Amino acid sequence: MKRETSSQPVISELTDSSDHISENSGNNQFPIVGIGASAGGLEALEQFFTNMPAGCGMAFVVIQHLDPTHKGFMGELIQRFTKMQVYTVTDRLKVKPNCVYVIPTNKSMSILNGSLHLFEPIETRGLRLPIDYFFHSLADDRQEQSIGIILSGMGSDGSLGLRAIKEQAGIVLVQEPATAKFDSMPRAAIEAVMVDFVAPANELPEKLISILNRSSLVASKTPQSLEKDTSSLEKIIILLRAQSGHDFSLYKKTTLYRRIERRMGIHQLLKIASYVRYLQENPAEVDILFRELLIGVTSFFRDPAVWELLKEKVFPSLFTRLPHGHVLRAWIPACSTGEEAYSLAIVFKEALEKLNMTRNFSLQIFATDLDSTAIEKARKGVYPANIIADVSLSRLNRFFIKTDDQYRVNAEIREMVVFAPQNVIKDPPFTKLDILSCRNLMIYMDAELQKKMLALFHYSLNPDGLLILGSAETNGAQADLFTTVDAKLRIYKHCGSAKAEELFGFPSSFAQSKPGIIEIQPKAKITDNVQTLTDKLLLQQFLPASVLVTETGDIIYITGSTGKYLEPAAGKANMNLFAMAREGLRHELPGAFRKAMQNYEKVVLNNVRVGTNDGTLLTDVTIQQIEKPLPLKGRILVFFADVPTTNLKISKQKEVLTSGIALNAELEFDLQRVKEELQSTREEMQTSQEELRSTNEELQSTNEELQSTNEELTTSKEEMQSLNEELQTVNAELQSKVDDFSRVNNDMNNLLNSMEIATLFLSKELKIRQFTIPATKIFKLRESDIGRLFTDQVTDLVYPEMYNDTREVLRTLVFKEKSIETLDGRWFNMRMMPYRTTEDKIDGLVITFIDVTKSKRLENALLENEMMLRSFIQTVPGVIIGLSHEGNVIEFNTEAEKLFGRKRKDVIGKSYLDLFIAESSRRKVETELKSLLKGVLPNRFENHVKTIDGDELKIDWSAHKFVGTEGVLIGIIAVGEKITKPKRWHGGR
């Protein structure tokens, strides 16, 4: 249903200081852009989003054909191309402008009130149409602010959804097929709907922004300003009528303005008067506007509840009250490309088969439309593969034939529908109808025209005929002409009679009807049942005997008394004209029958002598092939009429008595012989026909089997095509990931090689997986060694326990670190640790070797210097104590050991104050020591110390600062000399 509302401005115009558009302030109805893509779509999406400004004021929803079993990376990949935030959709996610939303795998998605909803797909894999599904919901939710874009892809998914968006006056853009990696989806979209722009993917953002900017300027006009353009609107209607021959003056003005505004936005025109000028200069634009106004949007089984009601209740009700052999008549004006007409035919067939009635009924459907292009498509009866979204699989198999990527209506359904171009407003209508379906046409007409249309429909219907309207239409303007069958589904029944003034305004004689349109006939006045009964009586009494037969002579229907001309043949019952023909007709009928089959002209046999039970009679036989009505086309009608004569019957006895001449006897003998030969030939021909019939049945059976096999292969092909599209998408994602991994791998290799760290990656079996270039300086490695055992490699390391260490690390999962020397004197810091995956699984070892040769040599040099210094300190006479800047002992020579009675190992690292200073002088010494460590006091000082035995000694100290390479005080070296005899210290030890 198309809601008639005036457009509101949603996009602000580009300014000199801004290169993007933004949503209208205070208006949450920002445009939402649905983007459908499939195989090859990643490249097109990159081109699109790279050129779309981040602050465009629109929201983008990307729908792709994804492998339901594969985790998608589409969101991560698109994030690289745009500064907008990219989300993988979760259920009930609210859509915000300047964001991109990507459908997750194995989900169907729709939108309601600006929130995205996810569903588990019910269709089998290969039959899913996620793009069509979302586009339909987008059209319903955002209406004129819905935007659909189709990019590269296989199949036709999205084309039906674009038609729904177009019906709501939304915007439709399609990638130029020549630039698409796979052009099936773009081409299907272009064929299905009037596209606003076709351009390469990188140019679509600019086109879209331009349309939205201009549309907002046009839409910002008030209704009062539009009324001032009435003159321009009338000029446009005149131009349309002059070029197309159709008058749109009685269409709703809001509908006309909306379609005109859309075209003005595309051409960036601000005034309707400017668009009038543009139409005058560009006749092709008049044709485009004409097709835009036709709004040819339809689908199979639209509003399923209507068709279910027709199948379950309406048709069965008609069958019960109509006579045997009745031909129902239906008319579908504004049929567009024929989906609704074929839907009606299919539902009729299903209803007839379901009831399994013995009475025979047929349905003749007349489908018309203003658009001759749409009528041509309808006549072909060929539709894209995405009709599976509207047509069940059982109906596809029963009523359609699969050809390549399309479905063709089968001959049984196609023959039920007659298509013709027609202007329902001025051309004559079809009459004597049982069903009239006009859905969603009158919503585009003003009230006056709606009233006239309802009167016209009433005129066209039989008493109790059914009128089916669209969900947004009612019979309110002419409620007295129809009774309601189902108010919700808009189904009404003919009642009452239309007044003459109700038809005023329509051509009374329809003299100017178009070729191909059947002229209506005056409606018979229904008075009472007398006339009907009289007609039936006259037909029974005076209608000549006749039979309706097939092209092979099988009798379908018998009228009148035919016993004088036909009699049952002996043996198995055989209702065949040639087998039942009496003597005389049996020889004459076949030749005349063959002649009648060649064209539709009458073939007459005059004065045929027919043998009866009590003599012979003269008969005129008329044979004619039926051309109309269509349900009987190709059938043969045979009339029998007796020839009036005074000697109708001549007894056989009299013939014998009057034929005394020998010549007559001889001629009769020859004639009898010829008849016998002819009879023998006829029997042989019938035998051959039976054999051919049997062969034909076998061939039909074989054909059915082949057709079933073909359907299975077609289904498999569709599934394979869908799988191929999914694999194309997955392949593009994986290719992008491979590029990422390759780049990361290159970065890692360069990092490891630049750090000069030899690294080995080993498997659990200790086979080499990978190594860095510095590792080749320790092990004799080449690229061909990857996959070989690590222990088989030649190395310069002096590390015999290396194999045992690798096994121990794998067993305990505890890393090892050692310093290893090589045969040539190099040193390496070896670190061996388990290799953990992102799933926290142990999958081998990582061994690193850091060259510490320089550090090792420096360490050895320092140790040598330390040993020399220590040796010097030990040989120097006098007490020498080294203190750190914290006051801990770092050096203690032999003389000090003797003086204090303590071993060097017992005092190193311990506090000087705790070991050697008495409590009585501790505070004074502590203060002096701090000042000394800060370099404040002179280098010489005295203090009292205690020995291990408790003796107190007075020491004269000479202190020297110990400064590091950067001038920082590390500690002091104090050289002491005992200056008094020891005295007993009573403070205890």
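User: Is R439 buried or exposed?

Analyst: Start with the cut-off: buried means under 20% relative accessible area. R439 has 11% relative accessibility, so it counts as buried. Keep in mind that this is a predicted model.

User: Which residue forms a salt bridge with R439?

Analyst: The general idea is simple. Side chains of opposite charge can pair when their charged atoms come close. Here R439 pairs with D303, and the closest N and O atoms are 2.5 Å apart. The two sit in distant parts of the chain, 136 residues apart. R439 is in the loop between β17 and α17. D303 is in the loop between α11 and α12.

User: How many salt bridges does the structure hold?

Analyst: The count is 30. Another of them joins K564 and D642, at 2.5 Å from N to O. This pair also links distant parts of the chain, 78 residues apart. K564 lies in the loop between β22 and α19, and D642 in strand β25. K564 counts as partly exposed at 35% relative accessibility. D642 counts as partly exposed too, at 36%.

User: What does the salt bridge between E412 and R398 tie together?

Analyst: Look at the distance, then the elements. The closest N and O atoms of E412 and R398 are 2.9 Å apart. E412 lies in helix α16 and R398 in helix α15, so the pair ties together parts that are 14 residues apart in sequence. E412 is partly exposed at 31%, and R398 is partly exposed at 31%.

User: Which residues are linked with R398 and E412 in a network of salt bridges?

Analyst: K349 and E353. Read those four residues as one network.

User: Now strands. Why is β12 described as largely enclosed?

Analyst: Count the buried residues. Seven of the eight residues in β12, which spans 362-369, are buried, so the rest of the structure largely encloses this strand.

User: Which strands pair with β12?

Analyst: Check the bridges and their direction. β11, residues 327-332, runs parallel to β12, and six bridges join them. Within that pairing, A330 stands opposite I365. β16, residues 417-421, also pairs with β12 in the parallel sense, over five bridges. There, T368 has A420 as its bridge partner.

Conventions: Residues are numbered from 1 along each chain as its sequence is written. This is a predicted model: local features need pLDDT of at least 70, side-chain atom pairs count only at pLDDT 80 or more; totals for chains, interfaces and linings use all residues. Side-chain values use heavy atoms; hydrogens and water are left out. Buried means under 20% relative accessible area, exposed over 50%, partly exposed in between (1.4 Å probe, protein chains only). Helices (H or I, at least four residues) and strands (E, at least two) are DSSP runs, numbered from the N terminus. Two strands pair if DSSP finds at least two bridges between them. A salt bridge is a side-chain nitrogen of Lys or Arg within 4 Å of a carboxyl oxygen of Asp or Glu.
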